[in-house]
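Please read the numbered points with the sequence and the structure in view.

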Amino acid sequence: MINYDVLLKEFAILLKSQELKFTKQREAILRTLYDNKGHYSPEEIQKLINKNHSDLKVGIATIYRTMALLENAGLASSISFGKDGKLYELGIKKHHDHLICTQCGKITEFVDETIEKRQEEIAKKHNFLMQDHTMKIVGLCQECQNKQNS
């Protein structure tokens, strides 16, 4: 995992390149993502900031704009849930894919080298230059399956 100070410097450079100010609110958003491993909606990020920085007021619009900026720069990534919005995570982790439970919302990260190799083969077969990919497998986690069967 990247050191926070290095990430913060990258963030400051990004803001400057976009002619945006480095603010305590924007830093709190980045720090919250860094300190909280997982996948969060903008509203959940706001709640975490309010909990850990009660003296700092961060509007939801600021969170949405900052998350879009971080995502476009590759410092955050998201999983889209269509009309239900996006969940964000820090984007500087090693590539991984997701299993998403439709009942409880649990998200499990995984890496499968066979899948990675197969995607590269498919892209090559179609003369397609793959730059990135996202995989989410949607279904029921073991706990929810157990609840249904009891």
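1. The largest pocket draws the largest share of its lining, 4 residues, from S1. Please keep in mind that the model under discussion is a predicted one.

2. The volume of the largest pocket is about 330 Å³. Its lining is made up of 19 residues, and those closest to the centre are Ser77, His95, His96, Asp132 and His133. Two or more lining residues are given by each of S1, strand S2 (86-90) and strand S3 (97-101). Sorted by class, the lining holds 4 nonpolar, 9 polar and 6 charged residues.

3. Strand S1, which covers residues 76-80, also contains Ile79. Is Ile79 buried or exposed? Its relative accessibility is 3%, so Ile79 counts as buried, the cut-off being under 20%. Beyond its neighbours within four places in sequence, Ile79 is in contact with His39, Gly85, Lys86, Leu87, His98, Ile100, Ile107 and Lys136. Phe11 lies 68 residues from Ile79 in sequence, and the two are 21 Å apart, C-alpha to C-alpha.

4. A further point concerns two helices. The axes of helix H2 (residues 24-35) and helix H4 (residues 60-72) come within 10 Å and cross at roughly 65 degrees. The crossing of H2 with H4 is right-handed. On the H2 side, Arg26, Ile29, Leu30 and Leu33 take part, and they meet Thr62, Ile63, Thr66, Met67 and Leu70 of H4. The residues of this contact comprise 6 nonpolar, 2 polar and 1 charged.

Terms used. Residues are numbered from 1 along each chain as its sequence is written. This is a predicted model: local features need pLDDT of at least 70, side-chain atom pairs count only at pLDDT 80 or more; totals for chains, interfaces and linings use all residues. Side-chain values use heavy atoms; hydrogens and water are left out. Buried means under 20% relative accessible area, exposed over 50%, partly exposed in between (1.4 Å probe, protein chains only). Contact means heavy atoms within 4.5 Å. Axes are lines fitted to C-alpha atoms, for helices over the stretch in contact, and angles run from 0 to 180 degrees between N-to-C directions. A crossing is left-handed if the near helix is turned anticlockwise from the far one by less than a right angle, and right-handed if clockwise. Ala, Val, Leu, Ile, Met, Phe, Trp, Tyr, Cys and Pro count as nonpolar, Asp, Glu, Lys and Arg as charged, and the others, Gly among them, as polar. On a 1 Å grid over the protein atoms alone, a cavity is a set of points where a 1.4 Å probe fits but cannot get out, and a pocket is an open set with protein on both sides within 12 Å along at least five of seven lines; lining residues have an atom within 4 Å of a point. Grid points are joined across faces, edges and corners, and a volume is the space filled by probe spheres set on the points.
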